[in-house]
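This report describes a protein model through its sheet, its charged pairs and a patch on its surface.

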Amino acid sequence: MHNRRFTSRHLLMMLIAVGLLIKLISLGLFPLFDSTESRYAEIGRKMYELNDWITPWYDYGVPFWAKPPLAFWLTAASYHVFGVNAFAARVPHFLLGVAILWVIWGWLGPRRPAERLYACVILSVSVLFFISMGAVMTDMALALSCILMMRGFWLGMHGSEQRRAKERWWLFVGAGLGLLAKGPIACILSGVPIVLWCLLAGRLQEALRSFPWVRGTLLALAMALPWYIAAELKTPGFIDYFIVGEHWHRFLTPHWQGDRYGHAHAFPHGAIWLFILIGTLPWSLLLPLFIGWKKPLALFELRHPARLRQWYFLIWGLSPGIFFTAAANIIWTYALPGLAGLAMLAASWLARRGPARRVVPVLAAGMLIVVLGWSGFLIRDYRDGWGSLSTTRDLVWQYQREKQPGEPLIGYPFLDYSTEFYTEGKAIKAATEPELEAAMQRGHAYVAMHTTPYKNLPDSFKQRLHVVATHGDYLLLKN
C-alpha cells in the first residue's frame, strides 16, 4: 500500500510538471488576442518604451486609470529581459500562478503531503486558473495577493508558536501587493471571508488582539500609498475615477457610461455563481462522483478544529460569489481569487474521505482532460492559422513583409490593441471616412479593418482598396 501511494503521488507530481511545462512552452506559440491580452500587453509595452513606471498609458497622452500598475510593472520588466513579444508579455503571469501553487505547498506543509498535492492538482488545472496562468491580465496578481493574506491570517492564528509571528506579516504584505495589483477590492475580497469566519468561530476578539494591526497597516500603506500619490500628482483625477468609478459604478451601475476605456459588462445579477461553476471545471463535474463514497464532511460540527478549517476555505472560496452577486458589470475572472480556497477545501475532503487508490485516478483524469484539451486547441488553431482568435498579428506581419518605406498601416474605424502591439505603436487610427480619405490621399497605405465596416464602406472606397490578406474576421487592404 505504501509503495502504491508513493507511486500515485509521484505520478500526480509528474503530471503537474508536464502540465506546467506545456503551458509555459505554449506562451509564445499563439498571438496575443483582443481585447484584454493585447490591451494590457500594449500598456506594458508603452511603459517599457516611455520608461514611465508611474503612469500606465492607454494611448500616448491618455493615462490608464482603471488599474494599478503591478501587472504592468511585471510585463514591462519582462520586456527588458526577453524583448517585446507574446512570451515576454505572458510569462510573468505564468510565474504568478506558479507562486500561488508554491504558497499552497508551503501552507499545508509536509504534515499534509496528500492534501497539499491534491490542492495543487485541483487548482493548477481548474479551467479558469489554467487559462489565467499566463494570460496577460491583472487578475493573477490579485489572486496571489489574496492567498498571501488568507495564508497570513490562518497561520498567524493556527501555526506553530515559532511560525505565527512571521506568518502574520504576510497578511499585510498581501494587502500592500493587492492595493498595487487591483486596488482596495483585494482587501475586501480577503477581509470579508476573514471577518465572516471569525464571527462563525467566535474568535473575532482573539484576531484583534493577535495581529499587529497598526504596524501592519502602515506596512501595507508604505508599499502602495507612494504610488497612489505619485499617480494622482502626475495625472490629476486618477483617484476619483479609480476609487469611485472602478469600485462603485463598475459593479453597481448597470450599463455604466463612465467607462473611459471601453464598455461595462452587463450580466444578470448572480451570474458570478455560474462563472464559479465554469471556472472550477472539470472538478465541478468530476468531484461530485466522490459523494457516494462516505458521508460528506459534517461542516456544522463547529467545535471540531478541522470543521472550522474547512469553513475557512469554503467562505474564502465563495467570497467572490458573496461579494459580486449584486454586481452586473463583471467578467468570469472575478471568480479567480476564490479558486485556491475551493481547491484546498476539496483537497481536505479528499485526503480524509477518499482512499488514494480512488482519488488519484480521478485527479489524473481531470488533469489529462484539461492539458490534452489545451494541446488540442493549440494544434487545431495552429493548423487553421489562428483564425478563431481575435487578433491582427498575422495581418501586421503580412504588412511588415510587403510594405515599402513611407507606407503606413491604418486601423479603421478603430485601432485594435493587437495592431498597436505588433506595430509597436506605429499604426495610425482613422475613426471616420474623412480621416481615412485624408490618410489615403497622402500616398500608398495599408488598411486593417473588420469585415463588417468593410461591407459598409461606400463603393468609392472599395474600388480603391484591394484585399491583400484575410485572417478570420480581419482584412488587410491596400490602396
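The model is predicted, so local features need pLDDT of at least 70 and side-chain atom pairs count only at pLDDT 80 or more, while totals for chains, interfaces and linings use all residues. Residues are numbered from 1 along each chain as its sequence is written, and side-chain values use heavy atoms, with hydrogens and water left out.

**The sheet**

Five strands form an open sheet with mixed pairing, in the order β4-β3-β5-β7-β6. Strands (E, at least two residues) and helices (H or I, at least four) are DSSP runs numbered from the N terminus; two strands pair if DSSP finds at least two bridges between them. The edges are β4 (428-429) and β6 (466-471), and because each has a single partner strand, one side of each has no neighbour in the sheet.

Strand β3 (residues 409-411) pairs with β4 in the parallel sense over 2 bridges, and Gly411 has Lys429 in β4 as its bridge partner. Between β3 and β5 the pairing is also parallel, over 3 bridges, with Leu409 bridged to Tyr446 in β5. β5 and β7 run antiparallel over 5 bridges, and Ala448 stands opposite Leu476 in β7. The pairing of β6 with β7 is antiparallel over 5 bridges, with Val467 opposite Leu477 in β7. The hairpin of these two strands has 2 residues between them, and Gly472 takes a positive phi near 60 degrees there.

**Salt bridges**

A salt bridge here is a side-chain nitrogen of Lys or Arg within 4 Å of a carboxyl oxygen of Asp or Glu. The count by this rule is 17. The table gives some of the pairs.

| Pair | Closest N and O atoms |
|---|---|
| Arg309 and Glu115 | 2.3 Å |
| Arg151 and Glu167 | 3.0 Å |
| Arg393 and Asp394 | 3.1 Å |

Arg309 in helix α15 (residues 305-324) and Glu115 in helix α5 (residues 113-124) are 194 residues apart, and their pair links distant parts of the chain. Arg309 is buried at 6% relative accessible area, and Glu115 is buried at 4%.

Arg151 lies in helix α7 (residues 139-158) and Glu167 in helix α8 (residues 161-181), so this pair ties together parts 16 residues apart in sequence. Arg151 is buried at 10% relative accessible area, as is Glu167 at 2%.

Arg393 counts as buried at 8% relative accessibility, whereas Asp394 is partly exposed at 24%. Apart from these pairs, Glu42, Arg45, Lys46, Glu49 and Glu420 are linked in a network of salt bridges.

**The nonpolar patch**

Where does the largest share of the nonpolar patch come from? Helix α9 gives that share, 3 residues. The patch lies on the surface and consists of Val195, Leu196, Leu199, Leu204, Leu208, Trp213, Trp273 and Ile322, with about 680 Å² of accessible area together. Patches are made of residues with over 30% relative accessible area and no salt bridge, with nonpolar side chains (Val, Leu, Ile, Met, Phe, Trp, Tyr) joined within 5 Å and like charges within 9 Å. Areas come from the Shrake-Rupley method with a 1.4 Å probe, and for residues only the protein chains shown count as cover. Val195 lies in helix α9 and is partly exposed, with a relative accessible area of 41%.

Notes
Buried < 20%, exposed > 50% of the residue type's maximum accessible area, 1.4 Å probe, protein only.
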